[in-house]
Amino acid sequence: MPESLKTKLMRWGFNLFPAYCSTGARITYVASDFREVRIRLPLSWQTRNYVGTIFGGSMYAAVDPVYMLMLIMNLGKDYVVWDKSACINFKKPGRTALIARFLIDGNELDLIKRELEHARNIDRTYHVDLTDEQGTVHASVEKVVYIKKKEKSGIE
């Protein structure tokens with residue numbers, strides 16, 4: 001699915017946002033429905049650690065906000081979405097640029113809405129890998145996201 005003008009502008013703005021651009025990563029693609037996002041983390045002076053590979057903190061920071069933002073954009077203003085926890089498993093040193101692809105499908109969004117009809121809040125777990133251009137996994141990240149339907153205030 002191609003990017004829309006809205007998602008291109010969001011991507012550009014996010015890449016300029018100091019908290020994200022300081023990670024050294026760049027968002028390279030945002031689907032027009034916000035259900036797919038791709039990032040690229042180069043090996044550069046900004047991301048290189050003491051031993052010359054990509055700093056683990058840069059790897060985590062590059063992927064940290066993505067699932068939360070995708071869910072916010074897809075669920076809308078009637079839901080509270082927060083990152084709750086994360087775990088990163090380093091598999092191989094990053095000696096070249098790494099990429100990650102985040103996906104959320106419509107079935108997942110429907111399931112979240114159905115579960116919140118019967119529960120006050122839920123936690124959803126998502127996985128993403130940082131890979132090199134050949135597809136070799138260098139780090140795997142597990143994100144737990146808290147989701148709650150906002151309560152109606154009664155004031156209309």
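Student: Which residues are buried in helix 4?
Tutor: Val-66, Tyr-67, Met-68, Met-70, Leu-71, Asn-74 and Leu-75. Buried means under 20% relative accessible area, exposed over 50%, partly exposed in between, with a 1.4 Å probe and protein chains only. This is a predicted model, where local features need pLDDT of at least 70, side-chain atom pairs count only at pLDDT 80 or more, and totals for chains, interfaces and linings use all residues. Residues are numbered from 1 along each chain as its sequence is written, and side-chain values use heavy atoms, without hydrogens and water.

Student: How many of the ten residues is that?
Tutor: Seven, so helix 4 (residues 66-75) is mostly covered. Helices (H or I, at least four residues) and strands (E, at least two) are DSSP runs, numbered from the N terminus.

Student: What comes just after helix 4?
Tutor: Gly-76, with a positive phi of about 90°.

Student: Which residue has a positive phi although it is not a glycine?
Tutor: Phe-34, at about 60°. Most residues other than glycine have a negative phi. Phe-34 lies in the loop between strand 1 (26-30) and strand 2 (36-41).

Student: Is Phe-34 buried or exposed?
Tutor: Phe-34 counts as buried because its relative accessibility is 8%.

Student: New topic. What is the secondary structure of the chain?
Tutor: Five helices and six strands. Along the sequence, the pattern is α-α-β-β-α-α-β-β-α-β-β.

Student: What does the C-alpha trace span along its principal axes?
Tutor: About 55 × 35 × 25 Å. Buried residues make up 40% of the 156 residues in the chain.

Student: And where is Lys-149?
Tutor: Lys-149 is in strand 6 (residues 137-149). Lys-149 counts as partly exposed because its relative accessibility is 35%.
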